[in-house]
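Me: Hello! I am new to this structure and would like to go through it step by step. Could you show it to me?

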Amino acid sequence: MLVQVSEHCWVRQSSFCQSNTVVVRGDGGVLVVDPGVTGAELRSLAEELRSLGFSPVVGFSTHPHWDHMLWSRELGDPPRLATVDAVAHARASLTDAREKAGRLAPGNDLALVGLLDALPRDADSLDWPGPDVHVLHHRGHAPGHAALFVPADGVLVAGDMLSDVEVPLLDLKSGATDPLADYEQGLDVLEQVLDQGCRALVPGHGAVAADEGVRSRFHADRAYLDAVRRPSPVRDHRLDPGADYGPDWLIPEHEAQRSWCLAHDGG
Ligand SMILES: [Zn+2]
């Protein structure tokens, strides 16, 4: 169900990995960010939007991982935007993204997965009939990752950063030379919103953070990145083996990136 979190923003959480779809209300329609995840959920999202009188006029994918570049015909056929680098990666990895969507998110129209249009390079805001939406380009989790900030509402749509359930997941697969530094610099980019009235943060997966909780998310991600490069075990509540969220895959991912950091970062 769509839950309103600010004047212009609504969030709908999926049963798959607590994925968040964000809807931003403009003048003549809505911006839909990272819609997902199963086919049934996308149809239900489209129905909810119809019942609210919201028609999608633009889509946005924060990054080119399969669960962030889904779509349904029932959402219409507006431009679906992402950064230049995200679009290039999406095109290069389309077969893999569609295979994963087909396997993990039943009911999706696989032909629509990853059909993204590039924003102008370094565009710092979206050109759409609605409140200002800043595009914060950075590296870290995936090629061409971008967060969105809605200054009127103080809402940061963070993509796969700053989650209460997932530790930072570094981009170890796309050939970046220093994924750890990229991630830290990505946090620097996002952190600027703290001085711009950010009052709420919507992560790609997990719970919305508000007020002081926003700052805590930055502390938690930075603490993880400090710890993961050291030989001593990482203590982070998101890696609790008894957690409801993802210990079966998240802990192995963490161990893999810890090995990588210890081998590459020098401690
Ligand atoms: Zn994700």
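Me: In which loop is Gln-18 found?

Reply: A word on the model comes before the answer: it is predicted, local features need pLDDT of at least 70, side-chain atom pairs count only at pLDDT 80 or more, and totals for chains, interfaces and linings use all residues. Residues are numbered from 1 along each chain as its sequence is written, and side-chain values use heavy atoms, without hydrogens and water. Strands (E, at least two residues) and helices (H or I, at least four) are DSSP runs numbered from the N terminus. Gln-18 is found in the loop between strand E2 (9–13) and strand E3 (20–25).

Me: Which residues coordinate the zinc ion?

Reply: Donors are N, O and S atoms within 2.8 Å of the metal (3.2 Å for Na, K and Ca), and water is not among the atoms, so sites may look incomplete. Here the distances run from 2.0 to 2.7 Å. The coordinating residues are Asp-67 (OD), His-68 (NE2), Asp-160 (OD) and His-205 (NE2).

Me: How many residues apart are His-68 and Asp-160?

Reply: His-68 sits in the loop between strand E5 (56–60) and strand E6 (80–82). Asp-160 lies in the loop between strand E10 (155–159) and H4. This pair links distant parts of the chain, 92 residues apart.

Me: Where is Val-37 placed?

Reply: The peptide bond from Gly-36 to Val-37 is cis, with omega near 0°. Most peptide bonds are trans. Val-37 has its place in the loop between strand E4 (30–33) and helix H1 (39–51).
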